[in-house]
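My notes follow in the order I looked.

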Amino acid sequence: MRAWLVVNHFVHAEKFETLYQMILKTAHSFEIDLECKTNVELMCAIDGVDADFPWERPDFVLFWDKDILLCKILERFGLPVFNCSYAIETCDNKALTTVALMKSGIRMPRTIAAPKTFAKTRYPETDWLASVGDALGFPLVLKESFGSFGFQVYLVRNLDELMRKTEEIGTRPMIFQELVKTSIGRDVRLQVVGNEVPAAVFRKAKEGDFRANVTNGGTMLPYTPTDAEAECAIRVAQILRADFVGVDLLFSDSEEPILCEANTNAHFKNLLDATGIDVGFDIFRHILNKMGRL
């Protein structure tokens with residue numbers, strides 16, 4: 001069986017390379033000939049008008065990038081792609097994630113998306129931010145719509161800070177969220193594969209940080225999710241049409257979990273380190289089962 005692992009040509013950080021090698025090794029254990037392809041290698045060989053596929057067709061594509069256009073093109077050629085472009089695009093954009101989960105029954109922080117402006121670099125005026133502060137209260141969380149590992153996420157304590165940070169971000173898409181005070185500096189990451197949660201961790205922020213991301217210095221421990229947390233994470237994956245996804249949940253003052261965000265390209269190396277569970281095996285089993293190969 002032949003497959004492609006699609007990665008980003010311009011990302012060379014050690015943690016990415018380590019993850020790719022993990023995935024390639026796991027694929028080999030399933031007797032899958034998994035070939036690594038970059039988005040540059042593929043995109044620059046595809047004629048957007050010519051309908052011919054320029055390579056020998058793989059049986060499926062494991063798409064570990066966020067080059068949405070390339071993902072859509074591969075789907076257009078009829079290739080089975082995991083995750084699908086809809087899931088990747090929706091999870092990559094925090095505002096789209098919120099919209100996709102509206103009216104779903106999934107509890108989320110109150111969220112306001114920044115209105116679109118046609119200014120090139122920054123909003124021409126920011127008086128409207130007073131309405132955001134009135135609606136969500138301070139402190140609040142400002143998130144750029146595109147960002148990973150807790151980067152581009154900011155705690156804003158008052159209207160002056162909100163205006164300054166918004167001017168600093170400029171016209172990059174962003175959302176504003178209420179701060180879930182019962183979960184400051186702690187959350188849980190549930191890795192969903194299909195309709196199961198094979199691994200989960202509790203994450204705690206380093207002292208003085210409200211974000212629990214390990215990349216920012218946080219720590220993680222193995223975690224057994226409650227039934228409500230597992231059901232919530234699986235439901236999020238279903239709505240977002242994700243075959244596999246890392247779902248981050250916050251703690252409310254009751255038993256009900258609160259969705260923080262979802263990541264289709266979650267780095268499960270940290271999960272392995274904390275739990276001893278390599279969810280790459282679960283991902284390949286799910287793909288092969290979905291394709292009728294198991």
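I started in the loop between β6 and β7 (153-156), where Gln152 is found. The model is predicted. Gln152 is not a glycine, yet its phi is positive, about 60°.

I then looked up Glu31. This residue also has a positive phi, near 60°, and is not a glycine. Glu31 sits in the loop between α1 and β2 (33-38). Its relative accessibility is 69%, so Glu31 counts as exposed. I noted the background: most residues other than glycine have a negative phi, and most peptide bonds are trans.

Next, the cis peptide bonds. One joins Phe82 and Asn83, with omega about -5°. Asn83 belongs to the loop between β4 (81-82) and α4. Another cis bond runs from Phe138 to Pro139, with omega near -5°. I placed Pro139 in the loop between α6 (129-136) and β6.

Strand β6 (residues 140-144) pairs with β8 in the antiparallel sense, over 5 bridges. Within this pairing I found Glu144 opposite Met174 in β8. Which strand did I also find joined to β8? It is β5 (residues 111-113), antiparallel to β8 and joined by 3 bridges. Here Thr111 stands opposite Gln177 of β8. I checked the cover on β8 (residues 174-178) too: 4 of its 5 residues are buried, and the strand is mostly covered.

I turned to the open sheet of 5 strands. Its order is β11-β10-β9-β12-β13, and the pairing is antiparallel. The edges are β11 (219-222) and β13 (258-263), each of which pairs on one side only. Neighbouring strands here are turned by 30° against each other on average, direction ignored.

Inside that sheet I followed β9. Strand β9 (residues 186-193) and strand β12 (residues 244-250) run antiparallel and are joined by 6 bridges. I found Val192 opposite Val245 in β12. What lies across β9, I asked? Helix α10 (residues 279-290) does, and it also lies across β10 (196-204) and β12. The helix runs at about 35° to β9.

In α10 I picked out Asp282. Its relative accessible area is 17%, and under 20% counts as buried, so Asp282 is buried. Beyond its neighbours within four places in sequence, Asp282 is in contact with Val193, Pro198 and Ile277.

Then the cores. The largest nonpolar core has 28 residues, of which Ile23, Leu62, Trp64 and Phe268 touch the most other members. Elements giving two or more residues to this core are β1 (2-7), α1 (14-29), β3, β10, α9 (269-275) and α10. Helix α1 gives the most, with 6 residues. I listed the contacts of Leu62, leaving aside neighbours within four places in sequence. They are Trp4, Leu5, Val6, Ile23, Phe82, Phe244, Ile283, Phe284 and Ile287. Phe82 in that list is one partner of the cis bond to Asn83.

My last stop was α4. How many of its 8 residues are buried? The count is 6, so α4 is largely enclosed by the rest of the structure. The buried ones are Ser85, Ala87, Ile88, Thr90, Cys91 and Asp92. They pack against β3 (60-63), α3 (68-76), α5, β12 and β13.

Helix α4 (residues 85-92) and helix α5 (residues 94-101) pack at about 110°, with their axes 5 Å apart. Angles of 65 to 115 degrees count as roughly perpendicular, and α4 and α5 therefore fall in that class. On the α4 side, Tyr86, Glu89, Thr90, Cys91 and Asp92 make the contact. On the α5 side, Lys94, Leu96, Thr97 and Ala100 do. I sorted the residues of this contact by type: 4 are nonpolar, 2 polar and 3 charged.

Methods. Residues are numbered from 1 along each chain as its sequence is written. This is a predicted model: local features need pLDDT of at least 70, side-chain atom pairs count only at pLDDT 80 or more; totals for chains, interfaces and linings use all residues. Side-chain values use heavy atoms; hydrogens and water are left out. Axes are lines fitted to C-alpha atoms, for helices over the stretch in contact, and angles run from 0 to 180 degrees between N-to-C directions. Angles under 35 degrees count as roughly parallel, over 145 as roughly antiparallel, 65 to 115 as roughly perpendicular and the rest as oblique. Contact means heavy atoms within 4.5 Å. Ala, Val, Leu, Ile, Met, Phe, Trp, Tyr, Cys and Pro count as nonpolar, Asp, Glu, Lys and Arg as charged, and the others, Gly among them, as polar. Two strands pair if DSSP finds at least two bridges between them. Buried means under 20% relative accessible area, exposed over 50%, partly exposed in between (1.4 Å probe, protein chains only). A nonpolar core is a set of buried Ala, Val, Leu, Ile, Met, Phe, Trp, Tyr and Cys residues joined through side-chain atoms within 4.5 Å.
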